[in-house]
Amino acid sequence: MLSAGAVRTRCAIVSEAVRSGETRYFRLVSDRLDEAARRVVDVTQRRYPDLAVPYHSRWRHFSTGGIDRAALIAPGAEAAETARARIDMAIVSVLLDAGAGPSWRYHEVETGQVLSRSEGLAVASLRAMQAGLFSADPAVPWRADATALAQITPESLARAFQHTARNELLGLQGRALLLRRLGEICVASPALFGAPARLGRLYDHWSAGDEPLSANGVLGTLLEAFGAIWPGRISLAGVPLGDCGRHSAVPGDGLVPFHKLCQWLTYSLIEPLQAGGLPVVELDGLTGLAEYRNGGLFLDTGVIAPRDPNLLQRPLDALSEPVVEWRALTITLLDRLAVLVRERLGKSADDFPLVKVLEGGSWAAGREIAFERRRDSSPPLAVVSDGTLF
């Protein structure tokens, strides 16, 4: 279950059951996939007219408003230390990148920008690191070490993210718990995180390998290292499976993994690793991301249709079967969408891997159509989040 291959395989089982009319919650309207592809192509050409699309990663959010905030990280450090600091930054920021809620805003004092949602969370996390929130050494703020992470409280996180009764950040307790558990598992894994433990020491772990570093290899390390930080999730033979649900269409154990945050994190580590001299290969070994912008694109364009329209009106637990079904369809459809998008853009899979389709792309198109359909740009399916999934 701890691989992108398992995500594709299990999601394909659910998707085939939907296609055959054997599931309870959704229908697949394949004729509408052309409309989704058209939207993604239009958005991609608008955002990147030269089609020089970067990777879909957290680093795009750090540059919101045209400001290169990544350049602020570990100024003057040598290449390896810069890579460690950027890995520190990416991990903390991605793990804090669950839905902020429609009303939360972050006012960036340094620029005067007022940001929301993923961009706001990204910039808030970067400014929090700049202020030393994740470092036990006040003289070295640009790091995330286990000692500081283990001491994160909802109150300290609330201050950094400007959370108040009038500016509520959803899932604050869950986010703080996630970071504390992250600090604890770092201490327990010195082979990965060194001693004293620090997230960025993963750079040294991967640098020591003899084989080329693959995207699946990075993901595998993250899934094994971080599986225990998510509370209350499914375990198999004592091993926590992280972002994994169950669906009755899957024979046997019914398990359907997604690993959204860890795959998003893997995509977000590619650039720091490459800049540090560690190229990452086989990017299309990863899947798309089963979250509400990609999944919302398919619902809002009618590719995925609810059997009961009332399903879209009621809150659903993130691990409930209808949400698992929707997310599984999203994974399978993103692979199909990528083929159509490449054909329309005249690109090969090597030139335009899935990570660029997402960035170009499907995520932005999902957000755009959500703004068209709903004033608050909320997703078409109401998923109850605890701040640790998406």
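A polar contact is a pair of N or O atoms within 3.5 Å; within protein, one of them must be able to donate a hydrogen and the other to accept it. Keep in mind that this is a predicted model.

**Exercise 1.** Find Asn-167 and decide whether it is buried or exposed.

*Solution.* Start with the place: Asn-167 sits in the loop between helix H7 (154–160) and helix H8 (172–187). Next, take its relative accessible area, which is 13%. Buried means under 20%, so Asn-167 is buried.

**Exercise 2.** Which backbone atom does the side chain of Asn-167 reach?

*Solution.* First list the neighbours: leaving out residues up to four places away in sequence, Asn-167 touches Ser-103, Trp-104, Arg-105 and Gln-162. Now look at Arg-105: the side chain of Asn-167 reaches the backbone nitrogen of Arg-105 at 2.8 Å.

**Exercise 3.** Describe the lining of the largest pocket.

*Solution.* Begin with the space, about 390 Å³. Then turn to the lining, which has 22 residues; Pro-102, Leu-170, Tyr-292, Pro-379 and Val-383 lie nearest the centre. Finally, sort the lining by class: 12 nonpolar, six polar and four charged.

**Exercise 4.** Which element gives the most to the lining of the second largest pocket?

*Solution.* This pocket has a volume of about 280 Å³, and 18 residues line it, with Arg-47, His-61, Glu-119, Glu-359 and Trp-363 nearest its centre. Helix H2 (33–47), helix H3 (58–62) and helix H15 (354–373) each give two or more residues to this lining. H15 gives the most, with five residues. By class, the lining has five nonpolar, six polar and seven charged residues.

Methods. Residues numbered from 1 in each chain as written. Predicted model: local features only at pLDDT ≥ 70, side-chain atom pairs only at ≥ 80, totals over all residues. Heavy atoms only, no water. Helix = DSSP H or I, 4+ residues; strand = E, 2+ residues; numbered from the N terminus. Buried < 20%, exposed > 50% of the residue type's maximum accessible area, 1.4 Å probe, protein only. Contact = heavy atoms within 4.5 Å. 1 Å grid on protein atoms, 1.4 Å probe; cavity = no way out; pocket = protein on both sides within 12 Å on 5 of 7 lines; lining within 4 Å. Points joined across faces, edges and corners; volume = space filled by probe spheres on them. Nonpolar A, V, L, I, M, F, W, Y, C, P; charged D, E, K, R; others polar.
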